[in-house]
Amino acid sequence: FVSNCTGEVQPDDHERIRRTYLRFTGALAVVMLPGAVGMIVVARPLVHALFGEQWLGMVIFIQILAIATLVGGPTRIHDGLYMARGRTDLQLRYNIATRIVLTLCIVAGLHWGAVGMAVGMTIGSCIDGGYNLHQSMRLVALRWSDLFLHVRGPLAGSAIMAVAVAA
């Protein structure tokens with residue numbers, strides 16, 4: 001989001017920051033949505049083909065962590081948004097709070113072993129991702145409909161791919 005050291009993007013240039021955020025989000029969706037959804041759908045045959053029958057136990061981990069990637073992965077671009085808007089104070093507070101929540105979710109999953117930890121991490125990533133997305137959208141006065149318009153193509157393509165591969 002921050003174009004260069006000379007301050008080409010100013011924190012008060014709301015529209016430009018908003019457009020850039022939507023562009024980055026759309027580009028990230030093109031890569032992450034099909035990758036994560038594809039991994040959920042093909043994890044079993046992929047693990048079987050690459051590692052053999054004895055490794056099929058890791059399929060559930062791959063699928064759970066792919067779900068975490070769907071929600072948690074895009075939150076990495078939000079850091080740049082906080083900097084571009086000059087709100088690193090909010091970024092610090094949100095990151096501290098969401099890391100505490102993520103840690104608590106993982107610790108809560110310990111009781112159920114490795115799968116429980118993976119589920120805890122996924123739940124924590126969903127909370128982190130959802131909260132960061134909500135706050136980021138507030139920073140640039142973005143509506144859900146605007147965001148959906150930028151990710152609808154990759155979202156539809158990923159859904160069609162999942163149905164076609166699963167069939």
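Me: What should I know before I start?

Reply: This is a predicted model, in which local features need pLDDT of at least 70 and side-chain atom pairs count only at pLDDT 80 or more, while totals for chains, interfaces and linings use all residues. Residues are numbered from 1 along each chain as its sequence is written, and side-chain values use heavy atoms, leaving out hydrogens and water.

Me: How many helices and strands are there in the protein?

Reply: Helices are DSSP runs of H or I with at least four residues, strands are runs of E with at least two, and both are numbered from the N terminus. Here you will find six helices and zero strands, which gives the pattern α-α-α-α-α-α along the sequence. The C-alpha trace spans about 55 × 35 × 30 Å along its principal axes.

Me: How do I read a bend, and where does H1 bend?

Reply: The bend at a residue is the angle between two fitted axes, one for the seven residues ending there and one for the seven starting there. H1 bends by about 65° at Val42, with Pro45 following within four residues. After H1 comes Gly52, which has a positive phi near 95°. H6 has a bend too, of about 55° at Val151, and there Pro154 is the proline that follows within four residues.

Me: What does it mean to be buried, and which residues of H6 are buried?

Reply: Buried means under 20% relative accessible area, exposed means over 50%, and partly exposed lies in between, using a 1.4 Å probe and protein chains only. In the protein, buried residues make up 38% of the 167 residues. In H6 the buried ones are Asp146, Leu147, Val151, Pro154, Ser158 and Ala162. The buried residues of H6 pack against H1 and H5.

Me: Is Ala141 buried or exposed?

Reply: Ala141 is exposed, because its relative accessibility is 62%. You can find Ala141 in the loop between H5 and H6. Its phi is positive, about 50°, although Ala141 is not a glycine.

Me: What is a salt bridge, and how many does the structure hold?

Reply: Side chains of opposite charge can pair when their charged atoms come close. A salt bridge here is a side-chain nitrogen of Lys or Arg within 4 Å of a carboxyl oxygen of Asp or Glu. The structure holds six of them. In one, Arg18 meets Asp146 at 2.5 Å, N to O. That pair links distant parts of the chain, with Arg18 in H1 (residues 14–51) and Asp146 in H6 (residues 144–166), 128 residues apart. Arg18 counts as buried at 16% relative accessibility, and Asp146 is buried at 10%. Both belong to a network of salt bridges that links Glu15, Arg18, Arg143 and Asp146.

Me: Which salt bridge does Asp89 form?

Reply: Asp89 pairs with Arg93, their closest N and O atoms being 3.2 Å apart. The two are four residues apart in H4 (residues 88–109), so about one helical turn separates them. Asp89 is partly exposed at 35%, and Arg93 is partly exposed at 49%.

Me: Which residue does Asp128 meet in a salt bridge?

Reply: Asp128 meets Arg99, at 2.9 Å from N to O. Asp128 lies in H5 and Arg99 in H4, so this pair ties together parts that are 29 residues apart in sequence. Asp128 is buried at 4% relative accessible area, while Arg99 is partly exposed at 32%.

Definitions and conventions. Contact = heavy atoms within 4.5 Å.
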